[in-house]
Amino acid sequence: MGKVLIIGAGGVGRVVAYKCAKNSSVFTEIMLASRTKSKCDDIAADIKKDLGVSIQTAKVDADVVPELVKLINSFRPDIVINVALPYQDLTIMDACLETKVNYLDTANYEPKEEAKFEYSWQWAYQEKFKAAGLTAVLGCGFDPGATGVFTSYAAKHYFDEIHYLDIVDCNAGDHGKAFATNFNPEINIREVTQEGKFFEDGKWKITKPHEIGKDINYPNIGPMKSYLIYHEELESLVKNFPTMKRARFWMTFSDNYLTHLRVILNIGMGSIEPINYNGMEIVPLQFLKAVLPDPGDLGENYKGETSIGCRVRGIKNGAEKTYYVYNNCKHPDAYRETKAQGVSYTTGVPAMIGAKLVLEGKWGGAGVFNVEQFNPDPFMEEMNKQGLPWHELHDVDLEMD
Ligand code: NDP
């Protein structure tokens with residue numbers, strides 16, 4: 001049906017490549033390109049061995065638009081799935097516009113020099129994508145991604161108005177390391193050390209990092225300490241569902257993780273300000289990334305599971321209603337299938353699904369879209385088929401005051 005170019009060969013890129021190969025009647029030709037070609041070749045070899053599907057590989061520096069344009073023009077994909085880093089979003093979008101190819105990513109653009117999470121830069125591409133008649137799908141991982149689809153599914157089928165949304169993200173896994181991040185350490189630490197922020201009564205409210213925490217009960221897992229943090233999908237969800245009175249995002253962090261994080265920050269290793277070290281300019285956080293475990297290598301002994309979902313309260317036919325929709329994903333299952341851990345798996349599967357729906361014409365249109373703007377139904381159906389089955393509970397105590 002179509003050709004896909006996947007950019008980025010980390011944990012998420014591995015899962016996207018596996019899942020596209022498993023759907024080879026839709027993704028008839030697959031190319032995986034990244035900065036380090038050997039990583040693409042390793043993934044391609046695993047896919048050949050496990051699935052008997054051949055995928056092409058290439059080297060590309062996705063910070064450089066002409067390099068991207070050259071690669072895209074040589075392969076001529078129908079869609080580019082960007083699972084490199086958020087820093088590359090705009091260059092890849094520029095290259096897609098220049099070569100007239102659809103675009104999809106899993107994280108909003110971030111400037112390298114400032115940890116700022118907002119869609120403004122990418123939403124500014126709206127007119128360009130519209131004029132080119134191309135589709136850009138923003139934030140199609142799990143969160144953002146499936147969480148936006150869960151919300152629009154709730155709005156479409158069960159609510160007249162959504163008033164309260166709590167996105168709850170639990171990783172009850174154990175990778176056996178003293179400290180490691182589940183996705184790119186630099187991106188992860190930038191995200192979790194920022195101030196907390198949530199939306200209430202038409203305003204954004206700021207908290208100190210990890211100032212608000214509470215035990216939340218997760219299905220099949222039990223109570224886990226969860227902290228209010230800012231997460232990018234809140235920005236698009238409150239815009240696209242204007243009846244919301246409050247929208248918050250909660251993520252679990254163990255005491256051990258938070259202690260390590262505190263030390264990292266206190267000693268300056270979390271800084272993104274370049275420093276001079278022995279005549280060389282280094283960014284402490286980038287140096288830290290180099291010594292931390294590679295998230296792509298955590299999978300083998302990773303036990304436990306993740307649980308991510310949306311807890312929604314609102315009204316239907318004049319009566320108050322509550323709804324909870326979630327997916328649990330077991331790390332060992334993800335590893336068995338793709339040699340990646342659950343966090344990479346829960347991100348990569350939705351990215352493949354979004355691209356599949358664009359190629360099948362079920363999602364589309366000219367412009368830049370967040371996932372909740374599309375029909376949620378085919379995405380929800382695919383989640384059940386592609387390894388991320390979801391469950392729903394109606395009229396339950398959401399435990400979110
Ligand atoms: P990794 O760091 O494991 O992988 C990133 C990959 O991108 C690496 O292969 C890296 O190459 C490549 N890359 C980096 N810079 C460039 C460049 N300039 N040109 C070409 N390739 C480049 O990250 P993850 O796989 O864990 O995460 C991938 C993306 O998924 C990130 O944007 C992350 O924010 C997002 N994400 C989204 C989630 C969601 O639910 N929405 C959850 C988790 C992650 P090299 O190997 O050479 O370093």
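A: Let us begin with a definition: helices (H or I, at least four residues) and strands (E, at least two) are DSSP runs, numbered from the N terminus. Over residues 141-388 the chain is 34% helix and 30% strand, and the end C-alpha atoms of this span are 12 Å apart. This is a predicted model, in which local features need pLDDT of at least 70, side-chain atom pairs count only at pLDDT 80 or more, and totals for chains, interfaces and linings use all residues. Residues are numbered from 1 along each chain as its sequence is written.

Q: Which annotation does UniProt give for residues 141-388?

A: UniProt positions are given here in the numbering used for this model, with shortened feature names, and annotations may be inferred rather than shown by experiment. The unreviewed UniProt entry labels residues 141-388 "domain: Saccharopine dehydrogenase-like C-terminal".

Q: Into which domains is the chain divided?

A: Domain bounds come from an automatic or database domain assignment. Here the chain is divided into domain 1 (2-138) and domain 2 (146-340 + 389-394). The C-alpha centres of the two domains lie 23 Å apart. Their contact takes 14 residues from domain 1 and 15 residues from domain 2, where two residues are in contact if their C-beta atoms, placed from the backbone, lie within 7 Å. On the side of domain 1 that touches domain 2, α1 gives the most, with four residues.

Q: Which residues of the largest nonpolar core touch the most other members?

A: In soluble globular proteins, nonpolar side chains tend to be buried together. A residue is buried if 20 or more other C-beta atoms lie within 10 Å of its own, exposed if 12 or fewer, and partly exposed in between, with C-beta atoms placed from the backbone. A nonpolar core is a set of buried Ala, Val, Leu, Ile, Met, Phe, Trp, Tyr and Cys residues joined through C-beta atoms within 7 Å. The largest core has 105 residues, of which I6, A17 and L32 touch the most other members. Helix α13 (residues 342-359) contributes the largest share, nine residues. Leaving out residues up to four places away in sequence, I6 touches several residues, including V16, A17 and L32.

Q: Is S152 buried or exposed?

A: S152 counts as buried because it has 23 C-beta neighbours inside 10 Å. This residue lies in helix α7 (residues 146-157). Apart from neighbours within four places in sequence, S152 is in contact with E372 and P376. S152 and F241 are 89 residues apart in sequence, and their C-alpha atoms are 8.5 Å apart in space.

Q: What should I look for in the backbone angles?

A: Most residues other than glycine have a negative phi, and most peptide bonds are trans. D201, although not a glycine, has a positive phi of about 50°. D201 lies in the loop between β8 (196-200) and β9 (203-207), and is exposed because 7 other C-beta atoms lie within 10 Å. E399 is not a glycine either, and has a positive phi of about 60°.

Q: What kind of peptide bond joins D143 and P144?

A: D143 and P144 are joined by a cis peptide bond, with omega about 5°. P144 lies in the loop between β6 (135-138) and α7.
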